[in-house]
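Hi everyone, thanks for making time. I'd like to walk you through one structure today, so let me put it up on the screen.

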Amino acid sequence: MSIRVGFLGPEGSFTEAAAKSVLPTSNHIPFPTIPGCMEAVVDEKVDVAIVPVENAIEGSVNLTLDYLIHKHTIPIVGEVTIPIKQHLLVHPDRVSSWRQIHDVYSHPQAIAQCHEFIMNELPDATIHYTDSTSSAAKDLKENPEKNAAAIANSLAAEKYGLTKVKEDIHDYDNNHTRFVLLSHSKTMPFQDEKQKTTLMVTLPSDYSGALHQVLSAFAWRKLNLSKIESRPMKTGIGNYFFIIDVEQEMDDVLIPGVQAELEALGCGVRVLGSYPCFLPENTPLKNPVPSK
Ligand SMILES: O=C(O)C(=O)Cc1ccccc1
């Protein structure tokens with residue numbers, strides 16, 4: 001039986017593209033929201049959920065991080081990173097009059113990735129946030145009377161019969177999004193050379209130099225970190241969780257050693273997952289260095 005993969009839908013979202021790049025032969029099932037997608041794993045409606053976690057222009061997807069930290073402890077079992085190209089889509093009847101549109105609909109991350117474009121080209125338009133880019137596109141198809149545009153990808157344009165009036169409207173070229181796969185089943189049918197382990201760390205209160213000591217535990221073991229992010233514990237100003245990505249898989253010595261050292265300092269440590277990182281072919285993550 002093929003794996004049931006829940007993704008942030010409806011069809012035509014970037015998350016669907018990410019899901020199909022890493023698990024092409026699975027049964028892909030759309031869910032309207034990021035929390036809904038995660039709940040589907042908890043309720044065993046799907047075997048894996050795939051949700052966006054970080055964008056190269058806009059940074060972390062806080063809804064995903066907070067849900068992972070506060071609501072459900074579903075292990076991260078994989079990561080996939082894909083290029084993101086945002087386009088301005090309108091109903092075919094509005095192609096020649098797109099500069100007169102009143103409303104722009106999209107996911108908050110997409111709106112933020114196209115902030116300069118909107119400011120320069122559609123300064124008077126009202127912004128409306130949607131649960132996904134594809135739901136914005138679907139809504140335009142279903143309501144052709146709206147004098148509006150959606151920001152979404154080519155798949156959504158095709159799927160919902162909309163016209164791309166401006167292509168590649170994201171403000172920076174090197175636009176990528178990282179998605180995580182969440183599942184209670186440990187093995188996923190893909191492998192990659194690159195592995196990561198994500199830890200969530202809380203610091204003891206009133207302890208000077210605590211974060212420095214946390215980082216030292218990784219540094220002297222020569223464990224490379226690719227990301228450190230703080231999120232509020234939601235218990236009061238100044239209380240944070242630190243989410244730390246280590247560039248290696250869980251082992252028997254080094255990461256357990258970090259964990260023991262941090263716990264001895266009074267920190268709380270939770271392993272959110274140790275997983276392979278999938279990069280579809282021809283996905284350079286950085287702009288090429290210009291030749292002299
Ligand atoms: O809304 C989508 O299509 C998503 O999959 C979330 C998202 C939004 C913007 C950039 C990358 C992913």
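This is a predicted model: local features need pLDDT of at least 70, side-chain atom pairs count only at pLDDT 80 or more; totals for chains, interfaces and linings use all residues.

The chain splits into three pieces: domain 1 covers 4-83 together with 175-182, domain 2 covers 87-166, and domain 3 covers 195-275.

Let's look at domain 1 and domain 3. Taken over C-alpha atoms, their centres are 23 Å apart. Where they meet, domain 1 contributes 11 residues and domain 3 contributes 11 residues. On the domain 1 side, two elements supply at least two residues each, namely α3 (62-71) and β5 (76-83). Which one gives the most to that side? That would be α3, with 5 residues.

In soluble globular proteins, nonpolar side chains tend to be buried together. Here, the largest nonpolar core has 50 residues, and the members touching the most other members are A18, C37, M38, A49, I50, V51 and L182. That core takes at least three residues from domain 1 and at least three from domain 3.

Let me zoom in on one of those residues, A49. Leaving out residues up to four places away in sequence, A49 touches G6, C37, M38, A40, V41 and L182. There is also another core, apart from the largest one, with 24 residues, including L89, A137, A149 and A157.

That's my tour, and I'm happy to go back to any part of it.

Technical notes
Residues are numbered from 1 along each chain as its sequence is written. Domain bounds come from an automatic or database domain assignment. Two residues are in contact if their C-beta atoms, placed from the backbone, lie within 7 Å. Helices (H or I, at least four residues) and strands (E, at least two) are DSSP runs, numbered from the N terminus. A nonpolar core is a set of buried Ala, Val, Leu, Ile, Met, Phe, Trp, Tyr and Cys residues joined through C-beta atoms within 7 Å. A residue is buried if 20 or more other C-beta atoms lie within 10 Å of its own, exposed if 12 or fewer, and partly exposed in between; C-beta atoms are placed from the backbone.
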